[in-house]
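Visitor: I am new to this structure and would like a close look at one part of it. Please take me through it step by step.

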Amino acid sequence: MKNISLLTAVFFSILFVSCKRTFQPIEYGKEACSHCKMTIMDKKFACEIVDKKGKVFKFDDMLCMKDFANDKKLNDEELLLFVADYKNPDSKFLDVKNAYLLHSEAFKTPMNGHIAAFSSSDEVSGSDQTNAQPIDWSNLK
């Protein structure tokens, strides 16, 4: 009887851990964008969706992520949406709903979305903000 209880506990522990929804690192130069199928190369603009079942979709540009979510009729409220921090792309991904997003032609994104994400408005500086306009995730088209 102890063995059955132990096996049941192990089974449910594995099941619980395998269903955890979390960010998965992107292998730059190896993985393709889930929308446009281009290889994801630029760390400053990479982003990711984790759906309600834990399935991960990776993108090379925020517009690809938005178009994918719209095409698949995904509900933003059920998704985890991550975007690279423009200033710290090697170490940090942000929740796109809480990130400070800027649109500017100065941002040379892979699919010409021209949108970059920052952790706060205080992080924005330099020539990249020239004529930049704040934009909200829900307003992207």
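Visitor: What does Glu31 count as, by its relative accessibility?

Guide: Glu31 counts as partly exposed, at 22% relative accessibility. Here buried means under 20% relative accessible area, exposed means over 50%, and partly exposed lies in between, using a 1.4 Å probe and protein chains only. First, some ground rules. This is a predicted model, in which local features need pLDDT of at least 70, side-chain atom pairs count only at pLDDT 80 or more, and totals for chains, interfaces and linings use all residues. Residues are numbered from 1 along each chain as its sequence is written, and side-chain values use heavy atoms, leaving out hydrogens and water.

Back to Glu31. Glu31 forms a salt bridge with Lys58. That term needs a side-chain nitrogen of Lys or Arg within 4 Å of a carboxyl oxygen of Asp or Glu. In this pair the closest N and O atoms are 3.2 Å apart. Glu31 sits in the loop between α1 (2-18) and β1, and Lys58 in strand β2, so the bridge ties together parts 27 residues apart in sequence. Helices (H or I, at least four residues) and strands (E, at least two) are DSSP runs, numbered from the N terminus. Lys58 counts as buried, at 9% relative accessibility.

The whole structure holds five salt bridges. One of them joins Lys52 to Glu78, with the closest N and O atoms 3.7 Å apart. Lys52 is in the loop between β1 and β2, Glu78 in the loop between α2 and β3, 26 residues apart. Lys52 counts as exposed, at 54% relative accessibility. Glu78 is partly exposed, at 34%. Another bridge pairs Asp76 with Lys66, at 3.8 Å between the closest N and O atoms. Asp76 lies in the loop between α2 and β3, Lys66 in helix α2, 10 residues away. Lys66 counts as buried, at 6%.

Now the core. A nonpolar core is a set of buried Ala, Val, Leu, Ile, Met, Phe, Trp, Tyr and Cys residues joined through side-chain atoms within 4.5 Å. The largest has 25 residues, and Ile49, Phe59 and Met65 are among those with the most contacts inside it. Strand β2 (56-59) is one of the elements that supply at least two residues of this core. Helix α2 gives the largest share, six residues. Met65 touches Ile49, Phe59 and Trp137, among others, not counting residues up to four places away in sequence. Contact here means heavy atoms within 4.5 Å.
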